[in-house]
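Biologist: I am new to this structure. Please take me through one part of it closely.

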Amino acid sequence: MMVYLRSGVFLALVVSASAFAPRASQPVRADVALDMANGSKRKALAKHLGKVAGAAGAFALATTGAAPAAEAAKKTKEVVKSVDTTKQLIVGGAAVIAAGAIGMKVLGGEKKQNFLEAKPYYDQSTVPVNTFKNKAPFTGKVVSTKRIVGPKATGETCHIVIDHKGHFPYWEGQSWGVIPPGVREKDGKPHSVRLYSIASSRYGDDMTGKTGSLCVRRATYWCPELKAEDPTKKGICSNFLCDTKPGAEVSMTGPAGKVMLLPEEDPKTDYIMVATGTGIAPYRGFIRRLFFEKTPAAEAYEGEAWLFLGVANSDALLYDDEFQEAKEKFPNNFRLDYALSREQTNKKGGKMYIQDKVEEYADEIFAKLENGAHIYFCGLKGMMPGIQGMLKGVAEKKGLDYDEWLKGLKKAKQWHVEVY
């Protein structure tokens with residue numbers, strides 16, 4: 001770790017892990033730098049290093065939480081009371097800075113997300129598929145379950161992080177199957193598998209490669225006769241997942257599917273991502289991989305990822321903070337458009353649905369597809385008739401045979417659909 005002193009003297013501290021147990025005889029030659037300064041300069045230099053060491057020590061204690069790191073951090077209390085004690089400060093300060101550096105590694109600050117990559121990273125021949133099946137499912141454990149929509153959202157949506165200990169690898173765009181506990185009332189047989197698009201990159205939200213996340217909307221049924229929710233008709237699996245607590249076990253199958261994978265061989269490829277509601281899940285994984293993680297794909301990417309999300313209102317937006325951050329940090333590579341049906345109006349004065357928002361950019365989208373862009377659709381299957389009707393109308397205005405145009409996209413594997 002490098003530290004530049006205020007006097008302009010360069011101090012290089014190379015400390016091994018033994019710095020967590022600092023000794024007075026530790027062979028750190030930082031004192032040479034201080035010996036080069038005299039009088040008031042030497043005192044000022046020592047004071048400045050004390051601040052650096054103190055800050056690093058505090059960071060080490062906060063990040064590592066380890067007893068040795070705490071011991072090293074205590075060295076910051078040995079701030080120089082006189083110039084003659086400077087060498088003690090350097091020895092302790094070096095250990096503190098080393099503790100901070102190791103703390104950064106613990107948090108992954110210096111670690112790249114490259115340990116779950118194919119070789120080369122865009123090779124899809126080793127994509128894991130159906131590693132775990134219905135008769136022998138995997139048992140994951142819930143790390144956290146969190147409501148991620150506001151109070152005015154239409155329904156409840158939860159983000160669920162599941163620990164798989166690194167034994168259940170997957171790729172962005174795949175799904176996990178979940179088998180809810182219990183049996184069916186009608187025949188006493190186990191519940192069938194429900195598929196959920198994975199809402200994290202292969203490295204998980206903690207970037208360790210040992211967790212995965214699901215984005216689940218609680219399915220309820222409003223009975224017009226009772227004028228209340230009918231609990232007998234609620235979604236078995238979605239309610240199970242949204243009600244889970246940390247430590248709860250989840251029976252899982254998969255990973256399933258290849259249709260939503262990212263083609264990464266050409267880093268200039270544009271991705272157009274269209275979602276309604278929890279259909280946002282795979283795209284969150286895409287965006288984290290391309291813009292938030294230190295992956296080979298992120299380092300190479302030069303194209304544009306364009307996300308369209310349709311929900312009822314602002315409170316129903318999902319992962320908006322992450323998408324806004326990506327937009328701010330990568331304005332040339334990430335675009336974001338929302339269709340809020342209860343807050344916006346389309347060009348005809350009606351509600352703004354996802355197809356209306358996409359149509360606003362029809363010319364640009366058709367041009368991108370002509371140039372090799374890939375377009376993705378994920379969400380409720382009811383979104384597709386409106387989408388395809390809009391695209392067909394635009395195609396006809398352009399003098400294109402829609403069926404032939406769509407056939408060409410599918411043949412080139414530019415058309416990706418996962419609806420439910």
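In which sense do strand β3 and strand β4 pair, and over how many bridges?

Modeller: Keep in mind that this is a predicted model. Strand β3 covers residues 138-147, and strand β4 covers residues 157-163. The two strands pair in the antiparallel sense, over six bridges. Strands of a sheet pair through backbone hydrogen bonds, in parallel or antiparallel fashion.

Now widen the view. β3 and β4 belong to an open sheet of six strands. Read across, the order is β6-β5-β10-β3-β4-β7, and the pairing is antiparallel. The edges are β6 (194-197) and β7 (211-217). Each of these edge strands pairs on one side only. From one strand to the next, the twist averages 40°.

For context, look elsewhere in the chain. The largest nonpolar core has 35 residues. Among those with the most contacts inside this core are Ile280, Tyr283 and Phe323. Elements that give two or more residues to the core include α6 (281-292), β12 (305-311), α8 (320-329) and β13 (334-340). The most comes from α6, with six residues. A second, separate core has 27 residues, including Trp405 and Leu409.

Finish with α8. Glu322, Phe323 and Ala326 are buried there. Viewed down the axis of α8, the buried residues lie within an arc of 95°, so they line one face of the helix. They pack against α6, β12 and β13. The face of α8 turned away from the buried side carries exposed Asp321 and Glu328.

How values were computed
Residues numbered from 1 in each chain as written. Predicted model: local features only at pLDDT ≥ 70, side-chain atom pairs only at ≥ 80, totals over all residues. Heavy atoms only, no water. Core = buried A, V, L, I, M, F, W, Y, C linked by side-chain atoms within 4.5 Å. Buried < 20%, exposed > 50% of the residue type's maximum accessible area, 1.4 Å probe, protein only. Helix = DSSP H or I, 4+ residues; strand = E, 2+ residues; numbered from the N terminus. Arc of directions from axis to C-beta. Contact = heavy atoms within 4.5 Å. Pairing = 2+ DSSP bridges. Axes fitted to C-alpha atoms, helices over the stretch in contact; angles between N-to-C directions.
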